[in-house]
Amino acid sequence: MTITEALRNAAQRIERRDAEVLLGDLLHGNRAFLVARGQDGLDPAILERFESWVARRAGGEPVAYITGTREFYGREFRVDPAVLIPRPETEHLIEQALARLPRPNGPENRARPRVLDLGTGSGAIAITLALERPPCQVTACDVSRAALIVAATNAERLGARVEFIESDWYAALNGHTFDLIVSNPPYVAAHDSHLSQGDLRFEPPGALTDRSADGLASIRKIAEGARKHLAPGGWLLFEHGYDQASAARDILLKAGFEHLICEKDLAGIPRVSGGRLG
């Protein structure tokens, strides 16, 4: 069977774009490669594996879990069902964080700015910040030991210096302060119907929802605890749902934050909120 024929057959069961990603991963080529080599015959072992992957995708399993990778901020991260799959909209959190990180030896007089990523999952946020701003001291926490193993593997593969700590939010961070705290916490409301639809069915529930009625319990904990762990003038930034911007602002105000921000993603959806202390 040729590449073109295999893709045509797969497209009867799954989205063609998904089929191209799956076969491209097996052949180590992109869409242009698949088109250019469309009449090439497939090795039987590759075809068998591709067909098994198509069956998994037809059953609803996310493409990223099937291939074991997902691109984020131009880098390839390993993922598995222990971690949330990095989303493009979270790259907006990276942009906002980079814009507010103290410059080494700048007016804030931070030779090595200290950064904390809460609920790191695959490590995508922490590792990206560490690689984009090498002078920073980056700490990443997660309550899931399995997630931390994935994150540490990604850090080693990508050459990022990150300290990983098993911690339920700030629980293991007594006495530690940071210039920037970032988080993509669980924020889906407990009874949101999306939790039983699409890719979300396969992702770790604890990374999606904290089981609160409004989905904001984790954001409240993060904002309230940040006062003890932010250096003077430090920023807290977090991702939230499309309809939670107003509630996020109220939470920040109640926690004593100033200079509040709410930034939209490329789709024009309010996605990142935060504030500054002092």
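**Exercise 1.** With which residue does Glu 20 form a salt bridge, and how far apart are the closest N and O atoms?

*Solution.* This is a predicted model, in which local features need pLDDT of at least 70, side-chain atom pairs count only at pLDDT 80 or more, and totals for chains, interfaces and linings use all residues. Residues are numbered from 1 along each chain as its sequence is written, and side-chain values use heavy atoms, with hydrogens and water left out.

Step 1. Apply the criterion: a salt bridge is a side-chain nitrogen of Lys or Arg within 4 Å of a carboxyl oxygen of Asp or Glu. The partner of Glu 20 is Arg 17, with the closest N and O atoms 3.7 Å apart.

Step 2. Helices (H or I, at least four residues) and strands (E, at least two) are DSSP runs, numbered from the N terminus. Both Glu 20 and Arg 17 belong to helix α2 (residues 16-27), where three residues, about one turn of the helix, separate them. An α-helix has 3.6 residues a turn, so residues three or four places apart point the same way.

Step 3. Check the cover. Buried means under 20% relative accessible area, exposed over 50%, and partly exposed in between (1.4 Å probe, protein chains only). Glu 20 is buried because its relative accessibility is 7%.

**Exercise 2.** Which parts of the chain does the salt bridge between Glu 263 and Arg 100 tie together?

*Solution.* Step 1. The closest N and O atoms of Glu 263 and Arg 100 are 3.9 Å apart in this salt bridge.

Step 1. Glu 263 is in strand β8 (residues 258-264) and Arg 100 is in helix α6 (residues 91-100), so the pair ties together parts 163 residues apart in sequence.

Step 2. Glu 263, at 26% relative accessibility, counts as partly exposed, while Arg 100, at 19%, counts as buried.

Step 3. Turn to pairs with shared partners: such salt bridges join Arg 16, Arg 17, Glu 20 and Arg 31 into one network. The structure holds 15 salt bridges.

**Exercise 3.** Where do Asp 199 and Arg 57 lie?

*Solution.* Step 1. Asp 199 forms a salt bridge with Arg 57, and their closest N and O atoms are 3.1 Å apart.

Step 1. This pair links distant parts of the chain, 142 residues apart: Asp 199 is in the loop between β6 (178-183) and α9 (205-208), and Arg 57 is in helix α4 (residues 44-58).

Step 2. Asp 199 has a relative accessible area of 28% and is partly exposed; Arg 57, at 18%, is buried.

**Exercise 4.** How many of the nine residues of helix α7 are buried?

*Solution.* Step 1. Helix α7 (residues 124-132) has seven buried residues out of nine and is mostly covered. Among those buried in α7 are Ile 125, Ile 127 and Leu 129.

Step 1. Look at the loop between β3 (114-118) and α7, which contains Gly 119. Gly 119 is partly exposed, at 28% relative accessibility.

Step 2. List the neighbours, taking contact as heavy atoms within 4.5 Å. Not counting residues up to four places away in sequence, Gly 119 touches Cys 141, Asp 142, Trp 169 and Asn 184. The C-alpha atoms of Gly 119 and Pro 186 are separated by 8.6 Å, although the two are 67 residues apart along the chain.

**Exercise 5.** What percentage of the 278 residues in the protein chain is buried?

*Solution.* Step 1. Buried residues make up 50% of the chain.

Step 1. The protein chain has eleven helices and nine strands. Its C-alpha atoms fill a box of roughly 65 × 40 × 35 Å along the principal axes.
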